[in-house]
Amino acid sequence: MGVDFYYLPGSAPCRGVLLAAKAVGVDLNLKYTDLMKGEHLTPEFIKLNPQHTIPTINDNGFSLWESRAIMTYLADQYGKNDAIYPKDPKKRAVVDQRLYFDIGTLYARFADYYYPVLFGGGSYDPAKLTKCEEAMKFLDTFLASSEYAAGNTLTLADLSLVATVSTYEVMGFDLSPYKNVTKWLGQVKQKAPGYEEANGKNVLIFKQMADSLTKK
Ligand SMILES: N[C@@H](CCC(=O)N[C@@H](CS)C(=O)NCC(=O)O)C(=O)O
């Protein structure tokens with residue numbers, strides 16, 4: 001029973017899925033997948049996901065990857081109602097827009113700025129930091145007109161974005177100029193079901209990994 005979930009706790013996209021599973025109330029069979037040991041490159045894993053990324057789920061023979069696709073699938077398949085992923089086309093479209101903003105802009109710019117230092121031994125490029133600041137400002141603007149990222153109730157958009165923004169936060173990115181973001185962040189940390197277990201303690205694992213990689 002339950003859905004097999006291949007993951008690493010520190011990974012931001014995995015944390016988004018953990019948050020969604022808590023909110024939906026679906027049990028995940030946690031399958032720790034150590035990328036450093038190449039556990040995502042085994043023939044069994046490649047059969048599930050030829051792109052060999054985590055998070056990946058296997059729901060009784062149905063395998064799926066891409067965190068935001070997994071999050072929306074879990075909500076559609078197992079949600080008791082449509083509160084976190086509305087069926088109304090316009091409301092759903094706004095949630096989707098925020099999810100695509102997260103993968104394509106906010107997290108993409110995070111990776112562009114931080115990854116060369118974390119994984120490539122490079123140095124920080126101020127022009128890339130400016131792009132991160134611009135993206136955070138966009139989110140701040142979205143949050144000026146609503147309490148949550150896609151309206152006045154908590155949705156998958158908040159759960160995906162909080163995994164990203166909390167990662168910026170632990171990396172020491174200055175969130176203080178973004179007043180709507182900081183208020184929203186505090187609120188989501190309180191209101192997202194199982195926040196601490198799904199994201200709060202796990203984002204610190206990302207930070208530890210980042211520290212150990214940059215000390216080398
Ligand atoms: N956009 C993807 C990103 C997935 C991703 O890049 N995961 C990393 C770990 S955080 C990974 O599996 N890397 C190993 C690889 O690509 O071989 C998602 O949101 O699921």
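1. Starting with overall size: for 216 residues a compact globule would have a radius of gyration near 17 Å, and the protein has 17 Å, so the two agree. That radius is taken over C-alpha atoms, and the globule rule is 2.2 Å times the number of residues to the power 0.38. The C-alpha trace spans about 45 × 45 × 25 Å along the principal axes.

2. A word on what we're looking at. This is a predicted model, so local features need pLDDT of at least 70 and side-chain atom pairs count only at pLDDT 80 or more, while totals for chains, interfaces and linings use all residues. Residues are numbered from 1 along each chain as its sequence is written, and side-chain values use heavy atoms, with hydrogens and water left out.

3. On to the fold. There are eight helices and four strands, and from the N terminus they run β-α-β-α-β-β-α-α-α-α-α-α. Both kinds of element are DSSP runs numbered from the N terminus (helices: H or I, at least four residues; strands: E, at least two).

4. Packing next. Of the 216 residues, 50% are buried (under 20% relative accessible area; exposed is over 50%, partly exposed in between; 1.4 Å probe, protein chains only). Take the contacts between residues at least 6 apart in sequence: 67% of them join residues at least 24 apart. Contact here means heavy atoms within 4.5 Å.

5. As for the surface, the protein exposes about 10,700 Å², with carbon and sulfur atoms supplying 55% of it. These areas come from the Shrake-Rupley method with a 1.4 Å probe, and for residues only the protein chains shown count as cover.

6. Charges: there are 24 positive and 24 negative ones, and their mean positions are 2 Å apart. Lys and Arg count as positive and Asp and Glu as negative, with His and the chain ends not counted; each charge is placed at NZ of Lys, CZ of Arg, CG of Asp or CD of Glu.

7. The whole structure has seven salt bridges (a side-chain nitrogen of Lys or Arg within 4 Å of a carboxyl oxygen of Asp or Glu). One of them pairs lysine 22 with glutamate 197 at 3.1 Å, N to O. Lysine 22 sits in helix 1 (residues 12-24) and glutamate 197 in helix 8 (residues 195-215), so this pair ties together parts 175 residues apart in sequence. Lysine 22 is partly exposed at 35% relative accessible area, and glutamate 197 is partly exposed at 48%.

8. Another bridge joins lysine 189 and glutamate 169 at 2.9 Å, N to O. It links distant parts of the chain, with lysine 189 in helix 7 (residues 179-191) and glutamate 169 in helix 6 (residues 156-170), 20 residues apart. Lysine 189 is partly exposed at 32%, and glutamate 169 is partly exposed at 32%.

9. Aspartate 211 is partly exposed at 28%, as is lysine 207 at 27%. Elsewhere, salt bridges that share partners join Arg109, Lys131 and Glu134 into one network.

10. Finally, have a look at tyrosine 107 in helix 4 (residues 89-120). Tyrosine 107 is buried, with a relative accessible area of 12%. Leaving aside neighbours within four places in sequence, tyrosine 107 contacts Ala12, Arg68, Asp102, Tyr115, Thr164 and Phe206.
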